[in-house]
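Hi,

Here is the structure I said I would pass on.

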Amino acid sequence: MEVDAATLFNALGERYEDAYADSPGLLQVTEYVVSKLPHSSHVLDVGCGTGKPVAAALAAAGHTVYGIDVAENMVRIAASQVPGTFSTADMRTYTPPVKMDAVFAVYSLFQIQPSDINKVVYRFAEWLKEDGILVLGVTPSSAIVGGKGVHDPVWDCMRLKRTWMERPVSELYFSQTAWLNLLREAGFAIEVEKMFDYIPKDPKHKRTETHYLIVGRKLKPHPLLGPYPLPEGLPGKSMRNEPAWRRLQGHLFLKDDEKMSSVLEGHQTILDIGGGLEDILDTASTRNKSVETLATLFNNLPYADAQFDCVVATMILDYIDDLRGFLLEVVRVVDKSSSNARVILIQGAPYNEVQRLVNTVCTPLSGKNMGPAHQGMLLYSAMKILADIGFGRTSFHPLSTSYSFDENSPSDRSNELAEMLCDVWFPGEEKHEQMKQQLISPIENLLRDHPGFLQNELVILEAVLDDH
């Protein structure tokens, strides 16, 4: 059975440092980044290992170093030999204490799932200051020889089981092109690429490895609006089967209730357009608040002016004919005299698993429906319109939700989910059955990655009045 990253690297300890710390190619790239950083920068080493060579080189150059790793033993060693702040943490859930000038993730992305790799690259972008630097160290899928591995078409990566440092592991490999595309989609410009062969200095592990280092510089202030570049103009209105959508929403589970509770803190009268709050939050979270739910969209909202101090609209911008007209109506019913006057829009994140599945597998087969639209373009357009009408102070936050399902057999779940997703966006399509069949295998992959649920990552746009 394959070992997980924490178990693997807790066991390896200093052996890993001995094998990999003396890499001329990695040292050259690290020196290049050090030369580009402002004096006394804040730098994060993700998957820091023992702290050598990356964190040590950064600390020696006078920078404030933070390091995280899932292996407690690695963190202990790093803290004992490198000046900095080191902690045991998972990059998928960690939040840094400050904005960073640079983030390094060198050889630490092999053992997380493909949707999580997409997610963490966007997270790295969020953690960086404007013009910050990201360094990734990976192995491209072109280095896999002998027909090994299984291609995952949804994420364009290779899934591979192999033995590494005498341990059985499951790993992921993206192509060189896929890595470059992912960084650009997250808002980075590529500054440096360096590919080289490296033989670990370990008596029992001397297999030649291909290492690929990429240096990207953050260009976009709002990574969560990706993937970049944004399309020109708003997409056409999407179609959605509402009864099927409601069935899917019945499986929705909020993993980040503190985030949503903090967004709603202080609000007493809330309009919930689309029923998203009802889906996401339990009764206790909205206790002592007056929440009006409007499940059906209207051209004109059936409420008086200034009736609510907060309006929340969840997953509906795709299905609106006139975005500006809708937002004018939303702002009309917000009490702008309230110190808490706020508009909250929630759409899919650029790394949303469900939307990636549907748009990769089903949309190309559809004769009439494009599936979920570019979520970032919708939020970007909404941000611009809201700024025009007085709600120009905006911020973006990730929100983690998932669709949770009973623990019946993976095969049964995959068939059920494929049917459900097709029914939401492509009911009655001529190729409905073909879509369903082609969804089953990638859904099975995802359910092996995280049994019992599909990740449904979202983005919150929070807009308040300019003068508040």
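Let's start with Q437, which sits in helix α15 (residues 432–449); helices here are DSSP runs of H or I with at least four residues, strands are E runs of at least two, and both are numbered from the N terminus. Q437 is partly exposed because its relative accessibility is 44%; buried means under 20% relative accessible area, exposed means over 50%, and partly exposed is in between (1.4 Å probe, protein chains only). E419 is 18 residues away from Q437 along the chain, and their C-alpha atoms are 9.0 Å apart.

Before you go further, keep in mind that this is a predicted model, where local features need pLDDT of at least 70, side-chain atom pairs count only at pLDDT 80 or more, and totals for chains, interfaces and linings use all residues. Residues are numbered from 1 along each chain as its sequence is written, and side-chain values use heavy atoms, with hydrogens and water left out.

Now for helix α7 (residues 176–185): A178, W179, L180, L182 and L183 are buried there. What do the buried residues of α7 pack against? Their partners are α6 (114–127), β5 (128–138), β8 (167–174), β9 (188–198) and β10 (209–218), with contact meaning heavy atoms within 4.5 Å. After α7 comes G187, with a positive phi near 95°.

Next, a helix pair. Helix α11 (residues 323–332) packs with helix α13 (residues 375–388) at an angle of about 55°, and their axes are 10 Å apart. The axes are lines fitted to C-alpha atoms, for helices over the stretch in contact, and the angles run from 0 to 180 degrees between N-to-C directions. So α11 is oblique to α13; under 35 degrees counts as roughly parallel, over 145 as roughly antiparallel, 65 to 115 as roughly perpendicular, and the rest as oblique. On the α11 side, L323, R324, L327 and V331 meet L378, S381, A382, I385, L386 and D388 of α13. By class, this contact of α11 with α13 has seven nonpolar, one polar and two charged residues. (Ala, Val, Leu, Ile, Met, Phe, Trp, Tyr, Cys and Pro are nonpolar, Asp, Glu, Lys and Arg are charged, and the others, Gly among them, are polar.)

How many disulfides does a search of the whole structure find? It finds zero, a disulfide being a pair of cysteine sulfur atoms within 2.5 Å. C362 is in no disulfide, and its nearest cysteine sulfur, in C422, is 4.3 Å away. C362 is buried because its relative accessible area is 1%, and C310 also counts as buried, at 0%.

Over in helix α5 (residues 72–81) you'll find N73. N73 counts as buried, since its relative accessibility is 19%. Neighbours within four places in sequence aside, N73 is in contact with N10 and G13.

Finally, some backbone details. K52 and P53 are joined by a cis peptide bond with omega about 10°, and P53 is in the loop between β1 (42–46) and α4 (54–60). Another cis peptide bond joins Y228 and P229, with omega about 0°; P229 is in the loop between β10 and α8 (242–249).

E166 isn't a glycine, yet its phi is positive, near 70°. E166 is in the loop between β7 (157–164) and β8. M315 isn't a glycine either, and has a positive phi of about 55°. Its loop runs between β14 (310–314) and α11. Is M315 buried or exposed? M315 is buried, because its relative accessible area is 9%.

Cheers
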